Amino acid sequence: MKNIFKKALLFLLPLGIFTACGTNNSKSNSALAEGAAEKVYVKPGDHDEFYAFVSGGFSGQLAVYGLPSGRLFKVIPVFSQDAEKAYGYNEETKPMLNTSFGFVPWDDAHHPDISQTAGELDGRFLFINGNNTPRIAKIDLTTFETTEILEIPNSAGNHSSSFVTENTEYVVAGTRFSVPIPQKDMPIKDYKGNFKGSLSFISVDPKDGAMDIKFQIIMPGFNYDLSHPGRGDSHGWFFFTTYNTEEASTLLEVNASQNDKDFIAAINWKKVEAFVNGGGGKKMATNYAHNVYSDETHSATSTMRKEVTVVDPRDIPGAVYLLPTPKSPHGCDVDPSGEYIVGNGKLSSNLTVHSFSKMIKAIEAKNFDGDAYGIPILNFEAINAGTVQQAGLGPLHTEFDGEGNAYTTFFISSEVVKWKLKTWEVIDRKPTYYSVGHLMIPGGNSRKPFGKYALAMNKITKDRYLPTGPEVTQSAQLFDISGDKMELLLDFPTIGEPHYAAGIPANLIAPKSKKFYALEDNKHPYAVKSEADTRVERKGNDVHIYMTTIRSHFAPDNIEGIKVGDKVYFHVTNLEQDYDVPHGISMIGANTSELLIMPGQTETFTWEPKKVGVWPFYCTDFCSALHQEMQGYVRVSPS
Ligand code: CUK
Ligand code: CUA
């Protein structure tokens, strides 16, 4: 790349200047499809064809939309407290947000990925990463609830996560920042050679989905950006983009973009797995939280783990190779056949595509260009499958439609570009409004993409919507990709900042969706199964109220004997056995949120009454014609 062009890119990349000027006609809808309205209109009462699970970025949550309508169905709380669902507020879910740093009720959620069987979406689980305090969460797609959160030790800015292998053998997490491993007090300027990266392979139990860090590969001190699993012939491999291969402690241009090429790290995880199964690797003492939510007890437990298995790639010949890839690659995307690995060099206008089969041949022929890091670097020409020339400015991410086409997002030139695998020719390009990050095609990260739609997730919306003060919504744009040319169908606002999304046909999830919990299976320690068992028990200053709800009353509903200075636990069981009949409750001045209790479930909130008096409570969810009668009183006497 010409130096002046590179400088321009570096200058423009963070500012999105191209965006602002290049799409001066901001209301332009040049790509809008004929009949777009009918194509996205889902009649009242009808269902959407796809679910789209869209990451909430710095909101820490995951939003569920329907496609093609763009209607928002639910925000699933994952890494952040959520008053609406009492997540992280009620006693049952607080342990989900526990970490080795204590209670951390926030994170930056980036990449959802749905579990796979034989390379196809199976609709069982969804995994998503928290970048800030490194964590991987698992969401059960029958209940749409976060059921497991695993902290990742030896990681920082957990970004190249959380993608799954072809049979969900592993969900993979890679550090963005290299850090001292183990952490220690040392001069930052001594980064080079001393800071390390880590790539974590988290096994997923085939039966219940339980996560466990099988091993961590300790890598050179690069930044690890994104990753994708191999599939088909390349199943058994995992690919990670890297930048800052200069190993600089400051990423100002002079330091971090010196190298003409960074790398995609290719990991033969089956080899590493065999090494570890044979007793290889070291047990390293560390500290990380493992939080599990049980549908039986409707409660989470948090345990602190003390040990992780780490491996040095230099101890496992043939396990790790570096694939030279131009100019700070961001996305690392493997096509449905598993043959092509697309490296999206952010500071490049060309897209580099590596060939898996050529990579294997180059390894066999030992066609290496050195091994500066103790890891063989493969010869660029030997592994190159092709290049998409002058495709756009600032390539970020690529998805596939399963018909031999790839779709790459370009942040700076603010467009989606469709191109053909094998011939590397650009077929179509459409502007996005504005500055697209990720793109999602349902199943686009699997052996079987469903095509039909592509969802662009944009960083900047400016004047696309009614203004709402300095902060305006982030946005998604839906494209019809069923024809040769992409056609814009719809804009819709999103929560937080959407990074990646995962889409899946509704019929792979909807039939299995849980309607309610069976009361007889409720193993919550404070559950009561009938009104006859409701009671108030005092233990010193702790008062436990075993309460039930059913349309349209609480039991008990008149509670006396509470004193200022008590800690009152409301353990509320919803006795309903019907779909969509939650009840809610809270108390005046309670600094935990309201509860929202699903049928058959028990939830607990605590209340520390500060004032003498008779204080009412009521149901917060409009549940029946007599909802407004659903109330009670607590009498609080002096201590
Ligand atoms: S990153 Cu957001 S646009 Cu976190 Cu996947 Cu590329
Ligand atoms: Cu129960 Cu309203």
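The radius of gyration is taken over C-alpha atoms, and the rule for a globule is 2.2 Å times the number of residues to the power 0.38. I began with that rule because a compact globule with 639 residues would have a radius of gyration near 26 Å, and the protein chain, with 26 Å, agrees.

**Ground rules.** I noted that this is a predicted model, in which local features need pLDDT of at least 70, side-chain atom pairs count only at pLDDT 80 or more, and totals for chains, interfaces and linings use all residues. Residues are numbered from 1 along each chain as its sequence is written, while chains are lettered from A and ligands numbered from 1 in the order in which they are written.

**Confidence.** I looked up pLDDT, the predictor's confidence in each residue, from 0 to 100. The average for the protein chain is 94, and 95% of the residues score at least 70. Residues 1–26 have a pLDDT below 50, and this stretch has 34 contacts in the model beyond near neighbours in sequence. Two residues are in contact if their C-beta atoms, placed from the backbone, lie within 7 Å. For the model I wrote down ipTM 0.96 and pTM 0.95.

**Overall build.** I found 7 helices and 43 strands in the protein chain. These are DSSP runs numbered from the N terminus: helices are H or I with at least four residues, strands are E with at least two. The C-alpha trace spans about 80 × 60 × 45 Å along its principal axes. I also looked up burial: 53% of the 639 residues count as buried. A residue is buried if 20 or more other C-beta atoms lie within 10 Å of its own, exposed if 12 or fewer, and partly exposed in between, with C-beta atoms placed from the backbone.

**Domains.** The chain is divided into domain 1 (77–306) and domain 2 (521–637), with bounds from an automatic or database domain assignment. Their contact takes 11 residues from domain 1 and 16 residues from domain 2.

**Ligand 1.** I listed the residues around ligand 1: H110, H111, H159, L226, H330, L396, H397, G437, H438, H499 and Y500. A residue is near a molecule or strand if its C-beta atom, placed from the backbone, lies within 6 Å of it. Strand 25 (395–400) and strand 29 (436–440) each give at least two residues to this shell. By class I got 3 nonpolar, 8 polar and no charged residues. Ala, Val, Leu, Ile, Met, Phe, Trp, Tyr, Cys and Pro count as nonpolar, Asp, Glu, Lys and Arg as charged, and the others, Gly among them, as polar.

**N287.** I located N287 in strand 18 (residues 282–294). It counts as partly exposed because it has 14 C-beta neighbours inside 10 Å. Leaving out residues up to four places away in sequence, N287 touches S100, P153, M304 and K306.

I checked two cis peptide bonds. One joins L67 and P68, with omega about 15°, and P68 lies in the loop between strand 2 (62–67) and strand 3 (72–76). The other runs from Y433 to Y434, with omega near -10°. I then checked two residues other than glycine with positive phi: A86, near 65°, and T168, near 55°. A86 is buried, with 26 C-beta neighbours inside 10 Å. T168 is buried as well, with 22 other C-beta atoms within 10 Å.
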